[in-house]
Amino acid sequence: MIKVNKEDMEFEKGMTVEDVLKKKKYTFRMITVIVNGRVVPKDKYATYTIKDNDNIDVVHIMSGG
């Protein structure tokens, strides 16, 4: 089991950050993914492997004042 934005999600061996984003239907382009407190570079989403019990935060970046 993993946590994505504080919600439980079934862990699947070999899943990547990109897989998580697709399953959770995150399509917003300006997002940052943080796994266990570490920012994952966008160019690593397809290769960064998630481990069981990881805590993932997906943050939407917005500009404004």
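Start with I34, which sits in strand 3; helices (H or I, at least four residues) and strands (E, at least two) are DSSP runs, numbered from the N terminus. Show what surrounds I34: leaving aside neighbours within four places in sequence, I34 is in contact with V39, N55, I56, D57 and V59, where contact means heavy atoms within 4.5 Å. Now draw a distance from I34 to T47: 13 residues separate them along the chain, and their C-alpha atoms are 15 Å apart.

A word on what you are looking at: this is a predicted model, in which local features need pLDDT of at least 70 and side-chain atom pairs count only at pLDDT 80 or more, while totals for chains, interfaces and linings use all residues. Residues are numbered from 1 along each chain as its sequence is written, and side-chain values use heavy atoms, with hydrogens and water left out.

**Zoom out**

Switch to cartoon for the whole protein chain. Taken along the principal axes, the C-alpha atoms fill a box of roughly 40 × 25 × 20 Å. For 65 residues, a compact globule would have a radius of gyration near 11 Å, and the chain's 11 Å agrees with that; the radius is taken over C-alpha atoms, and the globule rule is 2.2 Å times the number of residues to the power 0.38.

Next, colour by accessibility. Buried residues make up 26% of the 65; buried means under 20% relative accessible area, exposed over 50%, and partly exposed in between (1.4 Å probe, protein chains only).

How far apart in sequence are the residues that touch? Among contacts between residues at least 6 apart in sequence, 55% join residues at least 24 apart.

**Into the core**

Select I2, V17, V20, V33, I50 and I56. These have the most contacts inside the largest nonpolar core, which has 15 residues. Strand 1 (2–4), helix 1, strand 3 (31–35) and strand 5 (55–60) are the elements that give two or more residues to this core. A nonpolar core here is a set of buried Ala, Val, Leu, Ile, Met, Phe, Trp, Tyr and Cys residues joined through side-chain atoms within 4.5 Å. In soluble globular proteins, nonpolar side chains tend to be buried together.

Centre on I2, in strand 1. Is I2 buried or exposed? I2 is buried, with a relative accessible area of 0%. Beyond four places in sequence, the residues touching I2 include M9, F11, M15, V20, I50 and I56. For the view along the chain, pick M62 too: I2 and M62 are 60 residues apart in sequence, with 26 Å between their C-alpha atoms.

Move to V58 in strand 5, which counts as buried at 6% relative accessibility. Not counting residues up to four places away, V58 touches V4, N5, L21, Y26, I31, T32 and V33. V39 is 19 residues from V58 along the chain, and their C-alpha atoms are separated by 9.9 Å.

**Around the loops**

Pick T16, in the loop between strand 2 (7–9) and helix 1 (17–23). T16 is buried, at 9% relative accessible area. Leaving aside neighbours within four places, the contacts of T16 are Y45, A46, T47, Y48, T49 and I50.

Two asparagines deserve a backbone check. N5, in the loop between strand 1 and strand 2, has a positive phi near 50° and is partly exposed at 29%. N53, in the loop between strand 4 (38–40) and strand 5, has a positive phi near 75° and counts as exposed at 62%.

Last stop: K42, in the loop between strand 4 and strand 5. K42 is partly exposed, at 46% relative accessibility. With neighbours within four places set aside, K42 is in contact with R29 and I31. Select E18 as well: K42 and E18 are 24 residues apart in sequence and 9.4 Å apart, C-alpha to C-alpha.
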